[in-house]
Amino acid sequence: MLTPTEKIWHNGRFIRWEDARIHVLSHVVHYGSSVFEGIRCYATPAGPAVFRLREHVRRMFDSAKIYRMEELGYTREEMAEAILETVRVNRMDACYIRPVALRGYGEVGVNPTHNPIDTYIACWSWGKYLGEEALASGVDVCVSSWTRIAPNTLPALAKAGANYMNSQLIKMEALANGYSEGIALDTGGYVSEGSGENIYVVRDGRISTPPIGSSALPGITRDTVLTLARELEIPLVETLVPRESLYIADEVFFSGTAAEITPIRSVDKIVIGAGRRGPVTEKLQKAFFAIVHGDTPDRHGWLSPVHAAQAA
């Protein structure tokens, strides 16, 4: 269960957490018409800072444009500031942030264009998505029987609520069969991604990760991993990944805002490498957490200070 905070931003003003409600006949309830983001704010020695805020806001606006929801009513800069203000108002040092734009109450029918667009921003405390111990020990996963959405059905580039019905099927099946997470294949039978994470395969010190064309979300943390791998001189290629590559890999790991960088210790009950976090994954983890926790200089400008005094 979520631990409520005090305020949620709604269409330019703050309302009480318990007052953030929608009508049962809102378009989003019936047709999944929403776009959203998942963002983390980290505690640093200089105070709370939001990780890659600009990129998250940009992707949310991209998602809205794809689904013809251009009229959010705010600029990217205004949305970014509203996100920071939501963290400030709720006095959070570290939290998960969820901005969402949805088609609200108006007409009931497939055509969404006559329904108003409501935008909310909430934040709350949320620990490690796949468990604290998973960062070192890894998680057990399976290849899902559910295929990732085809590129000409639902646009995988958009982080849209409707897309996550597919993710729910992948996740529920994995949990029902005793796994922590599922891996979906694309329509060509190649590895796509987890239910809510991008995926990487390491063999002989070289990382392979599915291209965006394999119906994978262009993850912000994915871009972070690609950047850090280049800086650490770890060879990385975006390429089609056959399913069997998972089984013979030295390491496999996930990345995502919620999952951060989480190793995979087994796939379909086949042990990966040593059955725990490998050296490449650990190196990337250390580089990632050093930046988000403020232990190393923010050389890419990825951290947005929550409080003005931090930025001064």
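By class, the residues that line the second largest cavity are four nonpolar, two polar and three charged, where Ala, Val, Leu, Ile, Met, Phe, Trp, Tyr, Cys and Pro count as nonpolar, Asp, Glu, Lys and Arg as charged, and the others, Gly among them, as polar. The model is predicted, so that local features need pLDDT of at least 70 and side-chain atom pairs count only at pLDDT 80 or more, while totals for chains, interfaces and linings use all residues. Residues are numbered from 1 along each chain as its sequence is written, and side-chain values use heavy atoms, with hydrogens and water left out.

The lining of this second largest cavity consists of E251, V252, P263, I264, I272, R276, R277, G278 and T281. Two or more of these residues come from each of β14 (251–256) and β15 (260–267), strands being DSSP runs of E with at least two residues and helices runs of H or I with at least four, numbered from the N terminus.

On a 1 Å grid over the protein atoms alone, a cavity is a set of points where a 1.4 Å probe fits but cannot get out, whereas a pocket is an open set with protein on both sides within 12 Å along at least five of seven lines; lining residues have an atom within 4 Å of a point. Grid points are joined across faces, edges and corners, and a volume is the space filled by probe spheres set on the points.

| Space | Volume | Lining classes |
|---|---|---|
| Largest cavity | about 50 Å³ | three nonpolar, three polar, one charged |
| Largest pocket | about 1100 Å³ | 20 nonpolar, 15 polar, eight charged |

Among the 43 residues lining the largest pocket, F36, Y96, R98, K159 and Y164 are the closest to its centre.
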